[in-house]
Amino acid sequence: MEIGSEKEKMGFEETELRLGLPGNGGSEGEVARKRGFSETKATTMDLKLKLSSKDAGMDLNEKAKTLKKEKNLLTADTAKHHAKAQVVGWPPVRSFRKNMLAVQKGSSEESDMNKASGNIAAFVKVSMDGAPYLRKVDLKTYQSYKELSVALGKMFSSFTIGMKDFMNESKLMDVLNSSDYVPTYEDKVGDWMLVGDVPWEMFVDSCNRLRIMKGKEAIGLAPRAMGKCMRNRS
Amino acid sequence: MNYFPDEVLEHVFDFLTSHRDRNAVSLVCSLWYRVERFSRQRVFIGNCYAISPEKLITRFPGLKSLTLKGKPHFADFNLVPPDWGGYVQPWIEALAKSRIGLEELRLKRMVVSDESLELLSRSFANFKTLVLVSCEGFTTDGLAAIAANCRFLRELDLQENEIDDHSGHWLSCFPDSCTSLTSLNFACLKGEINLASLERLVARSPNLRSLRLNRAVPLETLQKILMRAPLLVDLGTGSYVHDPDSETYNKLKTTILKCKSIRNLSGFLEVAPRCLPAIFPICLNLTSLNLSYAAGIHGSELIKLIRHCAKLQRLWILDCIGDKGLEVVASTCNELQELRVFPSDPFGVGHDAVTEIGLVAISIGCPKLHSLLYFCQQMTNAALITVARNCPNFIRFRLCTLDPTRPDPETMEPLDDGFGAIVQSCKFLRRLSLSGLLTDQVFRYIGMYAEQLEMLSVAFAGNSDKGMLYVLNGCKKLRKLEIRDCPFGNMALLSDVGKYETMRSLWMSSCEVTLWGCKTLAKVMPRLNVEIINEHDQMEICPEDGQRVEKMYLYRTLVGPRKDAPEFVWNL
């Protein structure tokens, strides 16, 4: 009996971890193409565990190591217990279908979280260059760029000294001239844009993910956007 | 009949639509053979290695429509290594060189390259229909060539292909003068699509009746498209996600009310369940519903949707519908003829799976059911016996227990008697797939009763050679037999070698046949290709005859060993 429930638990956890890692079966190519920069395995695993900012102080490498060990144990044991389930070509489902469902499972977990918030939420990943792990924010919980900037500042405060308020015009100039951080986002068609150009609602609708870039890299984006930024000030 | 002029014979033959009938007619006498072959327009080739393109062209100079199948069925489940074969290139090259005015090409499990598609698009002025199912090897560049060059294209239907997606610009390659499209299905494409091009294409295609979108097409675009194509009969949505309080969604609701012709619905590759009510008005008229890729719709929402679909004849669904959901299907969809229940967790951990309870409910509520594909957590003999009694009209019966050797959980017996009841009751059964714990006894039943059986798929079943022998001796109409992980060996393989020339193909993997058995068969039957797939160098360079063969695929052929076999495929 105990082995049975253990088997079930391990099976479930194995699936859970598998879904969290990048390069999941057929979706691997797609994922690699969409990513503009690499994420370490450790960061994505932590995302799965939904670490709060309190835990940010924990030694992440330690956590990643234990997770890796656990996963290896799981793989070895589940291989034994689930010998049948791991048989090649069983159940007989076309690889195309298996891959589609695997990709959808990843995104459906997000929509489950969205359902909980009652409205169609807008969870997007937020990365910051140099930070060891990513965060996720629901853009619908903010009403303006200022609120978002405050929230992001709090989230990533442990990683930067003096995260600037990026919507402040003069500070933005400082930011661009220095090697400080610039917020960018990827829109629905895959272009990387500077945050702040479009009205807030349009931004929420079109933002797929956020990346807080190091100022130097953002130079290409900033100058023409700067002009717009100034014009939009009203 | 040989005092009728040829034209009369030809006219009579025109009424024969099935390939089998026309094939039979051609065997009557040489006159009929001649008349038939010159008037034949549609040819079906179930195994592309059974015949050569040259022989095809010689015999049927009036060929307009060709269907070809390549890899063996088990290739769907990763049992056939890549580069095994099944290339369409030599076919297209040969046809292009000839005078054949090809108009339709349908391919399944074949390797198609961009080069092939390009050659196809430039070689046949009247080319109208391209259908690719489970194919691979091409990119959206190949599609661009088809779009650009086939001036009278009517159907472009891509089903579950592995396509390298370079960009969405291929849609823009349809010239403005192309207004002939009746059917466009690109649901399997993974990449972005030029939405404006898509809208314009739909706007200039007044005959469009079937449209299946991929996940890159958002709900806003769907609404605009439906405005332009209210006569659609077959719709596959792409991304069906939006804020149900938005204006766009309200527009969609109004637009859908105008689409009174939709009978087939599929897609929902991404879905926000709160937007589903917009489609309820068309559910009443649906005859076919495919939600097998709609992983975002959970059990209770599925059930709500199904309650609106009283006229369904075909339903493809995920097992998250549960037994309770199947009971709703049974009470709502009394016209149901075909049901497929796929595992929502294909790696087989199976939390949400359905059981025998759902199937029994279906058999009670849907007496017209004739085709079934059912992935389930468990099955019992009692349930199968009940189903057999309630639904004697099965033509296709495919059952897959997620644990391949699971016995009847109530009695711990094998499922022999249950499947036995199915074959005994369903006298028109043509296709059968077995699973669960099974002994030689189930094959005895199959040999005794399954007189019309043409295709049998077996895995992890049987105790001895007797099992396979029952089937080979009993099933007179058997055409395709595929076996994996069963204790069948040389004795069964060699018992009736002539049988294989009456069949299309035999697949045996992880069984007990040895190299000696395969070699012997190949020697005795020159019109069979007996191929060994030697993956991962399982066989040494000079293997012993006594060594077990991991994968064997044999098929009848008129053209000898194929010349495009890779080095890991040995033709004996």
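In this predicted model, A:Pro91 is found in the loop of chain A that runs between helix H4 (60-81) and helix H5 (95-116).

Two residues of chain B stand out by their backbone angles. B:Arg109 is not a glycine, yet its phi is positive, near 50°. B:Arg109 sits in the loop that connects strand E3 (104-108) with helix H6 (114-123) of chain B, and with a relative accessible area of 9% it counts as buried. B:Ser510, likewise a residue other than glycine, has a positive phi of about 50°. The loop that holds B:Ser510 lies between strand E22 (505-509) and H20 of chain B. B:Ser510 is partly exposed, its relative accessible area being 22%.

The overall form of chain B was then examined. The secondary structure of this chain amounts to 20 helices and 25 strands. The radius of gyration of chain B is 25 Å, close to the 25 Å that the globule rule gives for 572 residues, so the chain is as compact as a globular protein of that length. Along the principal axes, the C-alpha atoms of chain B fill a box of roughly 70 × 65 × 55 Å. Of the 572 residues of the chain, 60% count as buried. When contacts in chain B between residues at least 6 apart in sequence are considered, 71% of them join residues at least 24 apart.

The largest nonpolar core has 202 residues, of which B:Leu66, B:Tyr240, B:Phe397 and B:Ile446 touch the most other members. Strand E17 (residues 371-376) of chain B gives the most to this core, contributing five residues. Another core, of 23 residues, lies apart from the largest one and includes A:Val124, A:Val126, A:Leu152 and A:Val195. The surroundings of B:Tyr240 were listed without residues up to four places away in sequence; its contacts include B:Leu219, B:Leu222 and B:Leu252. Also touched by B:Tyr240 are B:Phe268, B:Glu270, B:Val271 and B:Ala272, as well as B:Cys275, B:Leu276, B:Ala278 and B:Ile279.

B:Cys275, one of the contacts of B:Tyr240, is buried, with a relative accessible area of 0%. The closest cysteine sulfur to that of B:Cys275 belongs to B:Cys283 and is 14 Å away, too far for a bond. A disulfide would need the two sulfur atoms within 2.5 Å. B:Cys400 is also buried, with a relative accessible area of 3%. The sulfur of B:Cys400 has its closest cysteine sulfur in B:Cys376, at 7.3 Å, which is again too far for a bond. Over all chains, the count of disulfides comes to zero.

Two helices of chain B were examined for the placement of their buried residues. In helix H8 (residues 195-203), the buried residues are B:Ser197, B:Leu198, B:Leu201 and B:Val202. Seen down the axis of H8(B), these residues fall within an arc of 130°, so they line one face of the helix. The buried residues of H8(B) pack against strand E8 (183-185), strand E9 (210-212) and helix H9 (219-228) of chain B.

Helix H20 (residues 515-524) of chain B has B:Leu515, B:Gly517, B:Cys518, B:Leu521 and B:Ala522 as buried residues. These residues of H20(B) fall within an arc of 165° when seen down the helix axis, and therefore line one face of the helix. Their packing partners in chain B are helix H19 (490-494), strand E23 (528-533) and strand E24 (551-556).

A further helix of chain B, H15 (residues 381-390), holds B:Ile385. The relative accessible area of B:Ile385 is 36%, making the residue partly exposed. B:Ile385 and B:Phe419 are 34 residues apart along the chain, and their C-alpha atoms are separated by 7.8 Å. Leaving aside residues up to four places away in sequence, B:Ile385 touches B:Asp417, B:Gly418 and B:Ala421.

Note on methods. Residues numbered from 1 in each chain as written. Chains lettered and ligands numbered in written order. Predicted model: local features only at pLDDT ≥ 70, side-chain atom pairs only at ≥ 80, totals over all residues. Heavy atoms only, no water. Buried < 20%, exposed > 50% of the residue type's maximum accessible area, 1.4 Å probe, protein only. Helix = DSSP H or I, 4+ residues; strand = E, 2+ residues; numbered from the N terminus. Arc of directions from axis to C-beta. Contact = heavy atoms within 4.5 Å. Rg over C-alpha atoms; globule rule 2.2 N^0.38 Å. Core = buried A, V, L, I, M, F, W, Y, C linked by side-chain atoms within 4.5 Å.
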